[in-house]
Structure formats: structure tokens, C-alpha cells
Amino acid sequence: MVHVIKADKYIEKVLEIVKKRNPVEPEFHQAVEEVLNSIKPVLEKHPEFEESSILERIVEPERQIIFRVPWQDDGGKIQVNRGFRVQFNSAIGPYKGGLRFHPSVYIGIIKFLGFEQIFKNSLTGLMMGGAKGGSDFDPKGKSEGEIMRFCQSFMNELYRHIGADTDVPAGDIGVGGREIGYMFGQWKKLTGLFNGVLTGKGLDFGGSLVRTEATGYGCVYFCEEMLKDRRTSFDGKTVVISGSGNVAIYAHEKATQLGAKVVTMSDSNGFIYDEEGVNIHTIKRLKEVERKRIKEYVTEHKSAKYSEGYKDIWNIKCDVALPCATQNELDEKAAKTLVKNGCIAVAEGANMPCTPEALKVFISNNVSVGCGKAANAGGVATSGLEMSQNSQRLSWTFEEVDKKLHNIMINIHSACKEASEEYGVGNLVCGANIAGFLKVARAMMSQGLV
Ligand code: NDP
């Protein structure tokens with residue numbers, strides 16, 4: 001019989017190990033701390049998890065790959081970036097998680113994202129393990145040729161670590177359909193295979209309808225369920241959205257379809273406020289076709305104002321806030337302002353956009369909160385649906401995929417709510433962590449010490 005200590009002591013012990021073994025990785029520490037602190041009641045009820053050292057095992061990636069990515073710029077100069085793939089946990093399926101290309105990327109960011117991905121994928125109800133990858137390459141300002149050469153070089157190493165039944169990457173910040181296309185082409189050339197090794201592919205070569213829209217739509221579907229619990233809906237609500245990338249654009253589109261007015265969008269330089277409602281067609285053209293900055297919007301829409309700096313976006317009065325840009329973009333001060341201005345629901349389209357202090361402010365002020373693991377799981381869920389279609393050599397219609405996505409988001413909301421009630425934690429954030437964790441922990445127990 002293994003000696004078991006109290007749940008809070010066990011959590012403390014594992015957090016210490018994480019900090020010691022992964023120094024100077026604050027985002028990873030933050031993500032682990034949030035999950036571990038919210039599963040305390042689970043550990044109290046299931047001492048067998050401690051007996052089998054589930055926490056010690058779950059916080060340590062199964063595999064971390066770091067590699068050199070050399071590529072030639074348009075001036076003929078050789079540039080070198082660093083590539084990453086962290087295969088975190090394969091207890092419930094092949095590794096699955098996006099690739100991020102952004103100058104802020106280092107191993108700590110990839111570990112935080114990979115760790116979150118374990119529980120997010122578990123919540124979807126599909127067979128997908130957790131992983132994440134990327135590079136410190138900055139796609140901004142690069143030519144088409146440079147982007148293509150970088151993606152090809154990145155795949156020259158990554159291809160030996162991935163596969164349709166082992167690890168299936170997708171997009172994230174800085175990686176959209178264009179980059180996935182170049183990486184898929186290179187993977188096909190290197191392996192001679194054609195299968196569903198990457199998701200988010202173009203519709204002409206195995207991509208799924210709705211994958212582009214999925215994370216944003218899914219976030220709004222999740223938020224709609226939270227609003228239903230408050231006996232209200234998106235209809236007539238004022239919505240503040242941060243970011244103007246893939247997630248933000250489609251969160252805007254779906255919220256607008258449901259009758260809301262979206263009044264803001266942002267990028268890392270600043271934000272726009274349009275009291276008449278941000279025009280989605282202008283945004284799509286500016287960001288998806290012309291790849292311009294958000295401030296260009298105000299030259300076309302006189303009702304809109306542009307402000308430098310993205311943090312003040314949370315001062316805009318709203319009923320619903322959807323942070324869809326990046327981690328830690330919404331802090332305690334911003335949360336207090338949102339509460340003061342009457343915000344009733346927050347759904348995280350981005351990964352970990354609210355700081356732990358901000359989450360506390362929302363929860364203690366009875367604001368409904370959907371954390372990223374639950375609210376933005378629609379993207380990976382639809383990637384899972386893309387994998388199913390690829391395996392069957394089939395393509396489902398837009399309506400079919402959208403309906404499946406909608407049902408998955410409703411189910412995730414119910415799972416978070418049920419876990420929250422069963423373990424008496426009283427909020428969907430802890431509910432999501434508990435529901436996501438339980439499935440993975442049970443699978444790890446069943447599979448023995450591997
Ligand atoms: P995009 O690259 O399409 O867009 C990112 C947006 O966020 C841009 O508007 C970007 O502005 C802004 N942004 C990025 N970094 C910062 C920063 N440091 N400060 C302020 N703004 C910033 O990425 P996605 O829309 O795909 O991803 C957004 C978030 O959603 C991320 O947290 C991602 O992990 C998460 N997510 C994405 C999924 C997907 O399917 N795409 C799935 C699940 C979660 P700028 O152009 O100035 O950089």
C-alpha cells in the first residue's frame with residue numbers, strides 16, 4: 001500500500017517539481033497551477049490517482065522535440081529559426097494540437113499550450129491526445145516565397161515525428177490555410193503518402209468545411225449555452241471581441257448571426273471601436289485577403305475610432321466579452337472594469353487569455369466564464385471531424401459538420417456543468433478541468449505504467 005498525503009499537499013508537491021524541473025517557464029507554471037488547483041476534490045475522492053503518481057506523470061511531456069529550421073530569405077541570406085513539437089499525452093488518442101509561428105514562441109509557451117490541449121481534446125469526446133508545436137519564426141512582413149521556404153524547411157524535420165495515426169498538427173497563431181498547404185505539400189513529397197496528417201487543409205485536398213469557422217463559431221455556441229443558463233441569448237447584446245485573426249473573425253460572424261452587435265476588434269498594435277457594429281466584410285477583406293493592420297478599418301468606416309495599444313479594449317462597455325487574441329491579454333484591472341460595466345459572460349476564444357486574477361474577479365462576481373479548454377475546443381473538435389472524413393475518404397456538407405460542431409459544444413458545456421455540480425466547485429472553469437482530467441487519468445490508470 002502506497003502512502004497517500006492530503007490532496008493539497010500532493011498538489012503543492014507536484015507544483016514544486018514542475019517549477020524546479022521547468023525553470024523560467026511562467027506560462028507553463030500558470031497553466032499547470034490552474035488545472036491542479038481545480039482538481040483538488042477529484043484527488044480527495046480518488047486517492048488511487050496519487051498512488052499511481054498520475055499528476056507527476058501528466059505534467060511531464062511524453063516527448064519534446066526541438067530542432068533547427070534553416071531557410072533562405074529573398075535577399076539570399078540564410079536565416080535560422082527554432083522549431084518545436086511537444087507530444088504531451090497520448091492516453092486517449094494520437095497526439096493532436098496546433099502549430100504556432102510567432103516571435104514570442106519558446107519551449108515554455110509550447111508546453112503551456114500542449115498541457116492545455118490534453119484536457120481540451122478530452123472534453124471534445126473524440127480520440128485525441130494532447131500536443132503542440134511551432135516556431136519563433138515571425139510570418140509578418142515576409143514574402144510568399146519566404147513563407148513557403150520556411151514551411152518546407154520546418155517540415156523537413158517535423159515529418160519524421162508525425163503521422164495520421166501518431167501525431168496530427170493543425171494551425172494556431174500565424175499558421176492558417178496557406179501555411180498548412182505548404183507544409184502538407186512538403187510532407188507529401190518527403191513521404192510519398194497522401195492522408196490526414198495535418199488538419200486545416202484546403203478544401204480541394206482533404207480539408208473539412210467549417211474548419212476555418214470552427215473555433216470562433218464553437219466559442220459562440222458555448223457562450224450561447226451559458227447565456228441560456230441565465231435565461232437570455234445573444235440577441236440584442238453588445239459584444240467586445242479582441243484579436244482579428246481566425247478565431248476573432250468567426251466569433252464575430254456567428255455572434256452577429258445570432259443577433260448581437262460586435263463593437264470592437266484588435267491586433268497587437270491597437271483596437272477599433274465602431275458603435276454601429278464592426279463590419280465583418282471589411283474585416284475579412286482587410287485581414288484574410290489584404291493582410292493589413294486593423295487600423296486601416298477606420299479609413300473606410302467613419303463611425304469607427306482607432307486607439308493605440310490593445311489592452312484598453314476592455315474599457316468598452318459590453319454585455320459579453322470574447323477574448324480571442326492571445327494569452328494573458330485580460331488582467332484583473334480589465335476584469336473589474338468589465339464587471340463594473342455590466343458584462344455578464346466571458347468565453348475564451350484564445351488560450352488562457354484571462355489571468356488567474358481576472359478569472360477570480362469574474363467568478364466571484366457571478367459572471368459566466370467559459371475557459372479556453374472548453375470554449376475554444378470547437379477548432380480541434382472539427383479537426384477531429386476532418387480526420388474522420390480523411391480516414392473514410394469522404395467529405396461532409398457544411399450543414400452536417402456545423403451541426404456536429406454545435407452538438408459537441410453543447411455536450412462540452414453539459415460535461416463542465418455536470419462535473420462542476422458533482423464535485424461542488426460551482427463554476428464551469430473548474431468543471432472543465434475536472435471533466436477533461438478524469439477521462440485522461442482513468443485512461444492512464446487502465447494502460448498501466450507506460
Ligand atoms: P491568428 O494568427 O489568426 O490571429 C491572432 C490574433 O491575435 C491577431 O489579431 C494578432 O494580432 C493577435 N495577437 C497575437 N499575439 C498578440 C499579442 N502578443 N498581443 C496582442 N494581440 C496579439 O491566430 P488565431 O486566431 O488562430 O488564434 C488566436 C488565439 O486562439 C490563440 O490564443 C490561439 O492559441 C487560440 N486558438 C486558436 C485555434 C484555431 O483553430 N485557430 C483553436 C483554439 C485556440 P497581430 O496580427 O498584431 O499579431
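Which side chains meet in a salt bridge at 2.6 Å, N to O? They are those of Arg100 and Asp172; a salt bridge here is a side-chain nitrogen of Lys or Arg within 4 Å of a carboxyl oxygen of Asp or Glu. The notes below start from this pair.

1. Basis. This is a predicted model, in which local features need pLDDT of at least 70 and side-chain atom pairs count only at pLDDT 80 or more, while totals for chains, interfaces and linings use all residues. Residues are numbered from 1 along each chain as its sequence is written, and side-chain values use heavy atoms, with hydrogens and water left out.

2. The Arg100–Asp172 pair. Arg100 sits in strand 3 (residues 95-101), and Asp172 is in the loop between strand 5 (167-170) and helix 8 (177-191). The two are 72 residues apart, so the pair links distant parts of the chain. Helices (H or I, at least four residues) and strands (E, at least two) are DSSP runs, numbered from the N terminus. Arg100 is buried, with a relative accessible area of 4%; buried means under 20% relative accessible area, exposed over 50%, and partly exposed in between, with a 1.4 Å probe and protein chains only.3. For Arg293, a polar side-chain atom lies 2.5 Å from a ligand oxygen. A polar contact is a pair of N or O atoms within 3.5 Å; within protein, one must be able to donate a hydrogen and the other to accept it, and residues adjacent in sequence count only if both atoms are side-chain atoms. The ligand taken alone exposes 890 Å², of which the protein buries 87%. These areas come from the Shrake-Rupley method with a 1.4 Å probe; for residues, only the protein chains shown count as cover.

3. The shell around the ligand. The ligand is surrounded by 26 residues, and the closest are Asp172, Thr215, Ser268, Arg293 and Asn351. A residue is near a molecule if one of its heavy atoms lies within 4 Å of it. By class, the shell has 13 polar, 7 charged and 6 nonpolar residues. Ala, Val, Leu, Ile, Met, Phe, Trp, Tyr, Cys and Pro count as nonpolar, Asp, Glu, Lys and Arg as charged, and the others, Gly among them, as polar.

4. Domains at the ligand. The ligand lies between domain 2 (63-194) and domain 3 (214-375), because both give residues to the shell around it. The domain bounds come from an automatic or database domain assignment.

5. Other salt bridges. A search of the whole structure finds 24 salt bridges. One of them joins Arg21 and Glu60, with the closest N and O atoms 3.5 Å apart. Arg21 is in helix 1 (residues 7-21) and Glu60 in the loop between helix 5 (54-58) and strand 1 (63-72), 39 residues apart. Arg21 is exposed, at 53% relative accessible area, whereas Glu60 is partly exposed, at 29%.

6. Asp74 and Arg149. The side chains of these two residues meet in a salt bridge of 2.7 Å, N to O. Asp74 lies in the loop between strand 1 and strand 2 (78-89) and Arg149 in helix 7 (residues 144-158), so the pair ties together parts that are 75 residues apart in sequence. Arg149 is partly exposed, with a relative accessible area of 28%.

7. Positive phi values. Most residues other than glycine have a negative phi. Met352 has a phi near 55°, a positive value. Met352 belongs to the loop between strand 11 (345-347) and helix 14 (356-364), and with 3% relative accessibility Met352 counts as buried. Arg393 also has a positive phi, of about 55°, although it is not a glycine. Arg393 is placed in the loop between helix 16 (378-392) and helix 17 (398-422), and Arg393 is exposed, with a relative accessible area of 65%.

8. Lys111, in helix 6 (residues 107-123), is buried, with a relative accessible area of 3%. The C-alpha atoms of Lys111 and Thr212 are separated by 24 Å, the two residues being 101 apart along the chain. Leu428 is in helix 18 (residues 428-446) and is buried at 15% relative accessible area.
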